[in-house]
Amino acid sequence: MIGTRQLILFLRTLFYSAGTGAFVMIIGALAASVLWTFRHKTLARLLKPLFILSCVMIFVPPYVHALAWADLFYRYGIEGLGASLWVMVMALLPVGLGFSLLGFYLVEDAMVEAGRTLNRDSIVMKSIILPIAMPALLTGMIFSFLWTVHDFSVPSLFFVNIYSLEIFAKYSATNNPFEPFMLSLPMIVVATLIIILISSLSKKLMLGLRKGHTKESLPLVMPLWFRCLQIIAIVILPVQISTPMISLIMKVAKPSNIWISILQARRELGFTLLLSTLTATLSVIFALLLAKRVVEAESRHKLLLWVCILFPLAIPAPLVGIGLVTLFSQRGMGFIYGTLWMPVLANMIRFAPLAVVTLSVQLKRMDQGLLDSASVFQKNRIHGFIRVYLPMILPGLISAFLIVFILTTGELGATLLVSPPGRSTLTMRIYNYMHYGSSQMIAGLCLTMLALSLSTGLIVYRVFSKTGGDR
Amino acid sequence: MKVAKRASVILCVVLLSALILPACGTKGKEVVIYTSVDQIFAEDILKEFEEETGIKVKPVFDVEATKTVGLANRVIAEKNKPQADVFWSGEFIMTIVLANEGVLTPYTSPSASDIPAIYKDPDNLWTGYAGRARVIFVNTDLLSPEEYPTSIFDFLDPDRDPSQMAIAQPMFGTTMTQAAALYAYLGEEEARDFFEQIKARGVKVVDGNSVTRDMVAAGQVAFALTDTDDACISVDKGDPVKVIIPDQDGMGTLVIPNTVAMVRGGPNPEEAKILIDYLLSKEMEKKLIDRGWSHIPVRPIDIETACIPMGEIKNMNVTFEEIFNYRDIVNQQMTEIFVK
């Protein structure tokens, strides 16, 4: 049983996390909704670089955002829940923007055009565009919620305590995973309930979802208040990017420090790339197999399937790590324990559910007519899979790969507990430097990760362009 | 279509590499060490050990962000199939936890023969050396020398502004150890009252000792509690700061030794002994002090440091066992007081 103090803490944490999730998605959705209110070419020229930069900021750990904002906030005596919420929103805005862009991209141009002939543009936005984009928006919101629920380091910087600190304190005191697991049960139950809600909503909202088209016949004409909110959201993006960037550039002091930090961390860099690539690849394969079954499952089983798939998202990272250690450190498990496969498994448990979500959305969007034609003309199943199915699902595969890749790169809580001796990730080194106060090295590594992700983003963009995904 | 083919080829290459790479490399002599000593200090020392002995070291480093739930819990969870040979901690509480969990094995290192018995486990399960002290860290731009605090009880001084003071969360790390030491020294009631007043006054309670250090260095607070290793980093950078060893006219300050222990059933016991001997040597203790990780030797060593005032440091008169015995109650009470 939890006491009054813990209950208050628990409720405050729910409020704080839900608030963060809501703000992340509201700002992300408002910014992304310009897809429908700007002319496409203007959008491409002006906003694409901003959106790409904002999204790759996911590579900057929330703690780095927090340190940058703390410099500013402390100067003006700003602290508490509001300050912490703002910093988490800034750190998670890439999630909000990314899922919002995905959601708005899924909306069919034809449906919007049909709606416009019958009603005002603002009604079309409210009744057609938003409901269709809603599964992605809600997924982004729950993802931000879960991330915030488990992260006590950022609130701590602004003198706010949340429930996960209580769980950590209990773990620290008992060294027994059972007690903190019991303490984390209320959080897991709430997260599971939200997941169930989202799953049932998604099922309804994804009906009729087929294929996104170009949006060149736009823009929609929206009321002034909505356009003002959009502008505010767009203005927030450069703030979100520039605050940690300026802080990082100032801290790195001279360019040679970037090179020094890369040299010192080259082994971690290599291991991180291998771990993230492997995790993302296997997660995508796993998701591909599972998403097809989920999409084709009978509706009475679908909800249960979704809850099972998404449940790992509700488990705190250290518990995933300790659980795996307990399970695989038994005799006879030496073939996997202490190898690269342990962190791969840990990260797959944590992030493969998101790959399943992404691929399910993509599968829903696939043109059934084309698949039916392929099944008639294909020489055999493999021929049809390679020539028709795989190219059609490729954008979804790449998105799922990237999501898992990025999250694995930044994972700490579980990876630390299962990484093989002698190996560590870039994130582990960054956190070590943080303790040492080596801001030059932290800044150098964060800027390196930013450059890497920016390059990856551009490569993926090129791939999408070639496969027609750009539209 | 071409992209799909390329993607398939890349996929095959990645999977094949992942299968082959971990198996590559010749297996020579090696030793696995789990350490909570900061990577930036431990890494070079372990590399030097490799060069001197030819034994490959596979380290796993802890990070402050996971508080104390990281590596020690991993050692406990690996009880049935130990991966680590040596556990090297920056403090002693978690090492005693491991000893009580039965995951350590006795080893009497010849390098530790000149270390006083009070720094050793009675059953030789661990050995302490190379201490760090709990200190008050002061911003010299914000306080004049006559305003410098001299005792941890200055955190309760009604004439001082509590919003200009900071401590790390006392449920974790060395701040928790210091809290347990205060419980052992002052008694439960008085110590609890001390922390309740800290909370009631509105002293800033932040994420870790490195954060309190950074806040003092940046002038966000006038003074804070931290460890000597954290404080000295800032002193070496030339920040406007000063290290005060508190309560030298009273109860003394807490000195926290590093501890080294051998893991029971580790895969490389002979190499583990060589590494433990290396880490516990007098030369290594001096090296740890010279490099800034430790500042208080446990045996006679000539040291020079500009970071903390030289001379004998008055240590709190409490044993490690007494401090450890208060761990659970302190953790529970600190959580009740501070996690609100």
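In this predicted model, the largest nonpolar core holds 268 residues, and the members that touch the most others are A:V404, A:C446, B:V86 and B:L98. In soluble globular proteins, nonpolar side chains tend to be buried together. For A:V404, leaving aside residues up to four places away in sequence, the contacts are A:T279, A:A280, A:S283, A:F351, A:A352, A:L354 and A:A355.

Two packed helices are described by the angle between their axes and the distance between the axes.

| Helix pair | Residues | Angle | Axes |
|---|---|---|---|
| α5(A) and α12(A) | 62–75 and 224–252 | about 85 degrees | 9 Å apart |
| α1(A) and α8(A) | 4–32 and 121–150 | roughly 140 degrees | within 8 Å |

How are helices α1(A) and α8(A) oriented to each other? Their axes cross at roughly 140 degrees, and the two helices are therefore oblique to each other. The crossing of α1(A) and α8(A) is right-handed. On the side of α1(A), the contact is made by A:T13, A:Y16, A:S17, A:A18, A:T20, A:G21, A:A22, A:V24, A:M25, A:G28 and A:A29. Helix α8(A) contributes A:L137, A:G140, A:M141, A:I142, A:S144, A:F145, A:T148 and A:V149. Sorted by class, the residues of this contact are 11 nonpolar and 8 polar, with no charged residues.

The other pair has an angle of about 85 degrees between α5(A) and α12(A), which means that α5(A) is roughly perpendicular to α12(A). The residues of the contact between α5(A) and α12(A) comprise 4 nonpolar, 3 polar and 1 charged.

**Chain B**

Chain B has 340 residues, of which 53% are buried. Its secondary structure consists of 12 helices and 10 strands. When contacts in chain B between residues at least 6 apart in sequence are considered, 77% of them join residues at least 24 apart.

Is helix α7(B) mostly covered or mostly uncovered? This helix, residues 209–217 of chain B, is mostly covered, with 9 of its 9 residues buried. After α7(B) comes B:G219, whose phi is positive, near 75 degrees.

Key: Residues numbered from 1 in each chain as written. Chains lettered and ligands numbered in written order. Predicted model: local features only at pLDDT ≥ 70, side-chain atom pairs only at ≥ 80, totals over all residues. Axes fitted to C-alpha atoms, helices over the stretch in contact; angles between N-to-C directions. Helix = DSSP H or I, 4+ residues; strand = E, 2+ residues; numbered from the N terminus. Parallel < 35°, antiparallel > 145°, perpendicular 65-115°, else oblique. Nonpolar A, V, L, I, M, F, W, Y, C, P; charged D, E, K, R; others polar. Buried ≥ 20, exposed ≤ 12 C-beta atoms within 10 Å, placed from the backbone. Core = buried A, V, L, I, M, F, W, Y, C linked by C-beta atoms within 7 Å. Contact = placed C-beta atoms within 7 Å. Left-handed = near helix turned anticlockwise from the far one by under 90°.
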